[in-house]
Amino acid sequence: MTRRTIHWYKYASPGNLYRLAGHLIPWCAVAAGILFTVGLYLGLFVAPADFQQGDAYRVLFVHVPAAWMGMLLYVLLAFYAAVGWVFNTRVSSMMASALSITGAMFTFLSLITGSLWGRPTWGTWWVWDARTTSTLILLFLYIGFISLHSAIDDPRRADRAAAVLALVGVVNVPIIYFSVQWWSTLHQGATIRIVNKTTMAGSMLAPLIVMIAACWLYSIAVVLVRLRCLILEREPAGTVRVAAK
Amino acid sequence: MNRTAVLFDGAHALYVWGSYGLTLIAMGGEVLLLLRRRRAPKQHVSPRDQGIRV
């Protein structure tokens, strides 16, 4: 019996990764489109209104996925930036750059949609509590990463400098996550729990999970498209052409 | 009033639809910018090709 092994190291080559990304993008994009359609239908037309917040709680179906993606993409960004810095792998640094803009976009969306949710439920657009302030700091970290990377002409030097910022900033992610437990905040605590029972009705939880999955697939698709652009921009012209054969 | 009507013109419609609208604009904008960038990628030109001595 022959054993099929996947040689993951070959995807450290920009040419091979360019080709793999080309295969994955259409699948992720189509799946994201289907899940967004299903999630929006379930969230807007099937899920019942909340007994306290009424229909205002429906902001949750875009706010929570955006907030999660903002945090998770930053952890991924820091991981790839660290790998690129330590092992000097160009693809890892390019992946970190590709993640930064999508992560910043989701963090910005989580702040804006949180504000739109806060107005009818808290009676204010913004409060300087632990969760909102640490999320704003996350947005500044993303902007700092993108700005620092753009400010340095040599891409390899830019990768290393931005990696330092990414690694320092990753400490903010657990602060965001645990802020509602560590401090007394206006922001509500976690309703979806891995260890304990989730305190959300199934009819509301289902669209939320579908929207989170859709946001993941959307992120994979757009990050891979951006990664392919970066490979074309940063690698010698022959690299991609040879790999595509 | 049925649920769809409440969603479209209820007291919280502005906040709910505002959130979904902004999300659509942000994601759609990102996709459009990426498609433009993909059509016209900046070609890599090595310093040597630019006539810069390295």
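Are Arg58(A) and Asp55(A) buried or exposed? Select the two residues and you will find that Arg58(A) is buried and that Asp55(A) is buried too, where buried stands for under 20% relative accessible area, exposed for over 50%, and partly exposed for what lies in between, with a 1.4 Å probe and protein chains only. Their side chains meet in a salt bridge of 2.7 Å, N to O, a salt bridge being a side-chain nitrogen of Lys or Arg within 4 Å of a carboxyl oxygen of Asp or Glu.

**Before going further**

This is a predicted model, in which local features need pLDDT of at least 70 and side-chain atom pairs count only at pLDDT 80 or more, while totals for chains, interfaces and linings use all residues. Residues are numbered from 1 along each chain as its sequence is written, chains are lettered from A and ligands numbered from 1 in the order in which they are written, and side-chain values use heavy atoms, with hydrogens and water left out.

The model scores ipTM 0.85 and pTM 0.87. If you colour chain B by pLDDT, which is the predictor's confidence in each residue, from 0 to 100, keep in mind that the mean for chain B is 75 and that 57% of its residues reach 70 or more. Where pLDDT is low, the predicted coordinates should not be read in detail.

**Chain A as a whole**

The C-alpha trace of chain A spans about 60 × 45 × 35 Å along its principal axes, and 49% of its 245 residues count as buried. Among the contacts in chain A between residues at least 6 apart in sequence, 75% join residues at least 24 apart, a contact being heavy atoms within 4.5 Å.

Now select Thr107(A), whose place is in helix 3 of chain A. Thr107(A) counts as buried because its relative accessible area is 1%. Residues up to four places away in sequence aside, Thr107(A) touches Gly70(A), Thr135(A), Leu138(A), Leu139(A) and Tyr142(A).

Move on to Thr124(A), in the loop between helix 3 (90-122) and helix 4 (130-151) of chain A. With a relative accessible area of 24%, Thr124(A) is partly exposed. Leaving out neighbours within four places in sequence, you will find Thr124(A) in contact with Ser115(A), Gly118(A) and Arg119(A). A polar atom of the Thr124(A) side chain lies 3.2 Å from the backbone oxygen of Trp126(A). To get a sense of scale, draw a line from Thr124(A) to Trp27(A): the two are 97 residues apart in sequence and 41 Å apart in space, C-alpha to C-alpha.

**A linked group of charges**

Which residues are linked with Arg234(A) in a network of salt bridges? Select Arg156(A) and Asp159(A) together with Arg234(A) to see that network. Arg234(A) forms a salt bridge with Asp159(A), and their closest N and O atoms are 2.6 Å apart. This pair links distant parts of the chain, since Arg234(A) is in helix 7 and Asp159(A) is in helix 5 (residues 155-169), 75 residues apart. Arg234(A) counts as buried at 16% relative accessibility, and Asp159(A) counts as buried at 7%.

**Where the chains meet**

Finally, show both chains and select the residues in contact, which are 37 from chain A and 25 from chain B. Chain A and chain B bury about 2,900 Å² between them, 69% of it on carbon and sulfur atoms, where buried area is the accessible area (1.4 Å probe) that two parts lose on being put together, summed over both.

To see a salt bridge between the chains, select Arg37(B) and Glu233(A), whose side chains meet at 3.0 Å, N to O. The elements that give two or more residues to the side of chain A that touches chain B are helix 1 (14-46), helix 2 (60-87), helix 3 and helix 7 (202-234) of chain A. That side of chain A divides into 27 nonpolar, three polar and seven charged residues, where Ala, Val, Leu, Ile, Met, Phe, Trp, Tyr, Cys and Pro count as nonpolar, Asp, Glu, Lys and Arg as charged, and the others, Gly among them, as polar.

Conventions:
Helix = DSSP H or I, 4+ residues; strand = E, 2+ residues; numbered from the N terminus. Polar contact = N/O pair within 3.5 Å; in protein donor to acceptor, adjacent residues only side chain to side chain.
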